[in-house]
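Dear colleague,

I am passing on to you the structure that we discussed. Please find the sequence and the coordinates below, followed by an account of the findings.

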Amino acid sequence: MNIQCFGRKKCFDTQKTERYFKERNIKYQFIDLNIKGLSKGELQSVKHSVGLNNLINTKAKDYKKSNLQQIRGEETKEEILLKNPQLLNTPIVRNGRDATVGYVPEIWTTWE
């Protein structure tokens, strides 16, 4: 397994996710979205697994300012998400081509 966890240190679900992998001695790489966002390739990979709308955090402070709810084209939404990683739901957990958004250990157990 090659697990990557994209999240924020202060996010409760990200903390639970890290604890889940640590308790099971599963190696993972943590990427703090406040420091480094997703690359275009990573976003495409995750989008194919979970869908673009599941990646958007509608409760984020900047959600209304970004006008994401008004935008129809996926490419434009992707550009906004790449420039503003604070609009992403977290944690985003990748294992190769598989990905999840949020705390979903019932899916991660199938990866082991």
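The paragraphs that follow describe the confidence of the model, its strands, its helices, its cysteines and a few individual residues.

**Confidence**

Please note that this is a predicted model. The mean pLDDT of the protein is 89, and 98% of the residues reach at least 70.

**The strands**

Strand β3 (residues 92–95) pairs with two strands that are described here. Strand β1 (residues 3–7) pairs with β3 in the antiparallel sense, over four bridges; in this pairing F6 stands opposite I92. Strand β4 (residues 98–101) is likewise antiparallel to β3 and is joined to it by four bridges, with D98 of β4 as the bridge partner of N95. Together, β3 and β4 form a hairpin with two residues between the strands. In the turn of that hairpin, G96 has a positive phi of about 65 degrees.

In a regular strand, side chains alternate between the two faces of the sheet. The residues of β3 illustrate this: I92 and R94 point one way, while V93 and N95 point the other way. All four of these residues are buried.

Most peptide bonds are trans. The bond that joins T90 and P91, however, is cis, with omega at about -5 degrees. P91 belongs to the loop between α5 and β3.

**Helix α5**

Which residues of helix α5 are buried? In this helix, which spans residues 74–83, they are K77, E78, I80 and L81. These residues are on the same side of α5, because they cover an arc of only 160 degrees around the axis. An α-helix has 3.6 residues a turn, so residues three or four places apart point the same way. The buried residues of α5 pack against α2 (40–50), α3 and α4. On the other side of the helix, E75 and K83 are exposed.

**Around N57 and Y63**

N57 is located in the loop that runs between α3 (52–55) and α4 (63–66). A polar atom of the N57 side chain lies 2.9 Å from the backbone nitrogen of K59. Beyond its neighbours within four places in sequence, N57 is in contact with Y63, L87, L88 and N89.

Y63 itself lies in helix α4 and is buried, at 14% relative accessibility. With neighbours within four places again left aside, the contacts of Y63 include I56, N57 and L87. Y63 and Q86 are 23 residues apart along the chain, yet their C-alpha atoms are separated by 9.0 Å.

**The cysteines**

A search of the whole structure finds zero disulfides. C5 is in no disulfide, and the nearest cysteine sulfur, that of C11, is 8.8 Å away.

**Other individual residues**

E18 has its place in helix α1. Is E18 buried or exposed? E18 is buried, with a relative accessible area of 10%. Residues up to four places away in sequence not being counted, E18 touches K9, Y28 and F30.

N25 is found in the loop between α1 and β2 and counts as exposed, at 72% relative accessibility. Most residues other than glycine have a negative phi.

K36 lies in the loop between β2 (28–32) and α2. With a relative accessible area of 46%, K36 is partly exposed. Apart from neighbours within four places in sequence, K36 is in contact with I31 and E42. K36 and G7 are 29 residues apart in sequence, and 9.9 Å apart in space from C-alpha to C-alpha.

With kind regards

Technical notes:
Residues are numbered from 1 along each chain as its sequence is written. This is a predicted model: local features need pLDDT of at least 70, side-chain atom pairs count only at pLDDT 80 or more; totals for chains, interfaces and linings use all residues. Side-chain values use heavy atoms; hydrogens and water are left out. A polar contact is a pair of N or O atoms within 3.5 Å; within protein, one must be able to donate a hydrogen and the other to accept it, and residues adjacent in sequence count only if both atoms are side-chain atoms. Contact means heavy atoms within 4.5 Å. Buried means under 20% relative accessible area, exposed over 50%, partly exposed in between (1.4 Å probe, protein chains only). The arc is that of the directions from the helix axis to the C-beta atoms. pLDDT is the predictor's confidence in each residue, from 0 to 100. Two strands pair if DSSP finds at least two bridges between them. A disulfide is a pair of cysteine sulfur atoms within 2.5 Å.
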